[in-house]
Structure formats: C-alpha cells, structure tokens
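Dear colleague,

Please find the structure below, with the sequence. My notes on what turned up follow it.

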Amino acid sequence: MKRSKEMNNDAVTVINVQNIHIQVQEEKLPYIIPNQVPFLSQIKLLILFSSSILLLRQKVEESSIQLETAMVAGLIVQRLFRVLFFLHIVLIAILVICLTIRGLLSAHSHHFHPRKWYPPLLTATGCAGIVAFTWQWFTLCNPSRALRTAFWLSPLLTCAVGVLFVLIGSAAGLTIGVIAIVLALILSLYACWVNPRFDYATKVLSIAAASPPAKTTTVVNLSIITGTVYSCFLVSGIGGATAVGTVMDTLFILAILANLAWSAQVIRNTLQVTIARVKYLHFAYGVDMELRIALRDTFKYSMGSVCISSVLVPIITAVHGSARAISLIVGGTDEFLFSCANCYAAVAATLVNYGNRWGLVQVGVYNKGFVQASMDTWEMLKRVGLEPIIDRDLTGSFCFLSGMAGGAICTLVGGAWTFAVHKSYATEVSIYAFLIGYFMCRIEMAWLQSCVSAYYIAYTENPQNSRLDPAILFRLEEFQRYGD
C-alpha cells in the first residue's frame, strides 16, 4: 500500500515534470520560431537565386552556342563563296583559252570572219574604258552636273540604241529595239518625276564626294583597267565560241557572260567596301585611314562577303525595283492586282532586310558577314526613320543611269561599225558591247556610291555627330512635314 502510494507519487511527479517540460517548450516556442523563419526564408531565397543563376547561365550558354554556330556557318559560307569565285575564274580562263584556239583554227571552215567580228567589239571594249575614265573625272569635278547629265542623257542614248537595233532588222534586234525605245520613254518620265529631288541629291553628292580618300583615283583607274583587259580576254573566248556556233557553244557564251557580270560586281563591291570604310571613319570619328591598308584588309578578311554580296545585291535590287514599279503601275485600280502587288512588295521588302548595298559599310568597318551586316544596317535605318529617305535616294538611280549611258555609247560604237561591215554580226556584237560598257561604268561609280553610303550610315549610328552636315536632318524634317 505504501509502495503503491510511492509509485503514484512518482507518476504524479513524472507527469508534473513532463507538464512543466511541455510548458517550458510551449513558452520557448514563440521565441524560437521568429528566429527560425528568416533563416528558412534566406535558405529558400538562396535556393531560388541559385536556380535562377543556373537557368540564366544555361540560357547564356545556349545562346552563345547558337551564336557560335551561326558565326561558324557564316564563315563556312564566306569561305565557300570565295573558293567558288576564284575557282570559277580559273575554269573560265581555261575555257576561254580553249575556245579562242579552237575558234582560230576552225574559223574558215565555219565561215566565221574574225576581222569583221573582233575589231568592232574590241574597239567598243576600249571605248568602255575611255568612257569610264571620262565619266569618273566629270563626276569628281562636278557631281551635281554629272547627276543631271546622267538623268537626261541616258534616255536619249537608250533611244538611239533602240533605233540602231530596229535598223539591224533581225527578229532579236527588232524585239530589243522596241524594248529599248519603250525603256527610254520610261526613263524620261522617271527623270521628270524625280526632278524635285535633284536639289537634295546634288547636295548629298557634293558633301559625300568632297575630299575623297587619297589615291582613290589611282585605285579606281586600276580597277577600270583590270576590268577592261579582262573583258577583252573574255571577248576572245566569246568569238571562239561564235565561230563554231553549236548549242554547247551558246551555253559557253552564257557562262562567260555570267562570269563577266560576277567579276565586275566583285571588283565594284571590293571598291565599295574599301572606300566606305575609309569614308565612314572620316565622317564618324574624323580619322583618315590609308586606302592601301583598307584595301589590303578587304582582300584578306572580307572577300567572302564581297563575293556573296555580288550575287545577292543585284538580284534583290532588281526584285525590289520591279516591286516598286509594279506598285506604281497597278495602284488601286484592281483589287486582285493590288493584292498581288502588295504581296510581291512584301516579299521584296523582306529580301532587302537580308541583302542591301548599305550593309557593305559594316562589312568593311566591323568585318561582319554580309547578311548580318545588311540586317543590322537596315534595322538601324528603320530605327532612326531613314527608310523612306533611303528608298527615295537617287544615288542608286544615278549609278544605274550612268551605266546605261556608258553601255549605250559602246553599243553605238560597236554596233554601228558591225552594221556597216557585216550586218549579221551586229545584234550580238551590240549586246556584248552594251554589257561591257555598262559594267565598266558601274565599276567607275563604285567610289561615289560608297561615299554616300558611308555618309548615311555615319548619320544613322550617331545623328548628333557634329562632323556631319545637317542635310539629312533637314531632309528628314521636310519629309515628315510635307512627304515626298
């Protein structure tokens, strides 16, 4: 009985001790939790922060991998085009030599008259070089007068070429003659339409062409001489293929003409990248870079982009120009035609983002790939609101019409001579003479076009640049107030 009481007392004591322990814990709990909650929150924040850093690092690594992949792919494409260009030069040279030798050996058996075919075309080729030299001097001395002369002389010479082709009388000659006369009429109407823009265009040309880089004339003259000599070399191959005149020889002639176009564009864009870099540094930072160093860097680092641009820019420019012409012709007269024209214009506008001549400035300055440079440049032009000003810029039209005038002069020289001595050769000789004259004059105009491009891009990157004339700013404000 006594033991049971002791046990009961012990139990009560244990229970009381446990109750006291629980009370103590209950009393301590409110003091422990507030100290523990911030610590737990810090742990959670630390975990979230670590996971965010890991995700951010993963995204950065993925984007860097994609960027590196794109850069590697771009470098591969540039090297591929560079290899293709020089390889096709070698192959065409071998083809031309073989065709020339074969043509001379088989000229008499195929009733081909080299003395009536070669002299007119070679003379027209030499005339192309002379016209290019003369036009370069005229443009350098008085760019504003050269602009107006090109816009009014080109339609007249084109019409004269059309009359010559009509007088030749062949089926191809009549077709080309009618097209040339219609084109001359269109060019005349275009010159009247853009006449209000001449003042701004001449001002920009005068600003951009002022103080060209040292030795610009020497580099351009060497380019014209190179193009003229190479054209004479290609003419010998075309004559050799014409002597035999099979279907395969026709394909050979087309291949040689494609080589002439690509080679002339490469020479022209090489000049543009080189001179644009020098002029951009002058406009943007007041730094005068040696043209020789810029040309060396272009050959060393940018030839892949130059070869790509020489293929893409003429095609995209033709698509964009035809889209604008179709939009002007169709207007809003027919809903179906209007929707088709809008669709075509949208495609052309998209293509311009990926390939435009303005991107050649960043190719030279920043050594970017051509497509990336075109995209970045066009985005900058849109951002500062210069896209409508660029679309209405007359520099491209000036260079095109200068090429048309040069080609027309060469056609009149070579075509008229051939028409007098051997009428059946007149059509083809006139076509070849026109292409050679056109490309030689486009090479000559590359320096001026690159100066204008550098001027616009320097303004686009820094509109507050005190070194730049405010002509673009005034034109932009005028366009925003009054439109075109």
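To begin with a single side chain: Arg148 is partly exposed, with 34% relative accessible area. Please keep in mind that this is a predicted model.

Arg148 takes part in a salt bridge with Asp199, and the closest N and O atoms of the two are 3.3 Å apart. Since Arg148 belongs to helix H3 (residues 143–168) and Asp199 to helix H5 (residues 198–209), the pair ties together parts that are 51 residues apart in sequence. Asp199 has a relative accessibility of 55% and counts as exposed, because the cut-off for exposed is over 50%.

In total the structure has seven salt bridges.

The side chains of Arg102 and Asp249 form a salt bridge at 2.2 Å, N to O. Arg102 sits in helix H1 (residues 2–105) and Asp249 in helix H7 (residues 247–285), so this pair ties together parts that lie 147 residues apart in sequence. As for accessibility, Arg102 is partly exposed at 32%, while Asp249 is buried at 1%.

Arg357 and Asp393 also meet in a salt bridge, with 3.5 Å between the closest N and O atoms. This pair links distant parts of the chain, 36 residues apart: Arg357 is in the loop between helix H10 (335–354) and helix H11 (359–366), and Asp393 is in the loop between helix H13 (387–391) and helix H14 (395–421). Arg357 has a relative accessibility of 16% and counts as buried; Asp393, at 10%, is buried as well. Both values fall on that side because buried means under 20% relative accessible area.

There is also a network: Arg277, Arg296 and Asp297 are joined into one by salt bridges that share partners.

The last item is Leu360, a residue of helix H11. Leu360 is buried, at 2% relative accessibility. Which residues is Leu360 in contact with, leaving aside its neighbours within four places in sequence? They are Asn269, Gln272, Val273, Ser309 and Phe370. Leu360 and Thr274 are 86 residues apart in sequence, and their C-alpha atoms are 9.2 Å apart in space.

Best regards

How values were computed. Residues numbered from 1 in each chain as written. Predicted model: local features only at pLDDT ≥ 70, side-chain atom pairs only at ≥ 80, totals over all residues. Heavy atoms only, no water. Salt bridge = Lys/Arg side-chain N within 4 Å of Asp/Glu carboxyl O. Helix = DSSP H or I, 4+ residues; strand = E, 2+ residues; numbered from the N terminus. Buried < 20%, exposed > 50% of the residue type's maximum accessible area, 1.4 Å probe, protein only. Contact = heavy atoms within 4.5 Å.
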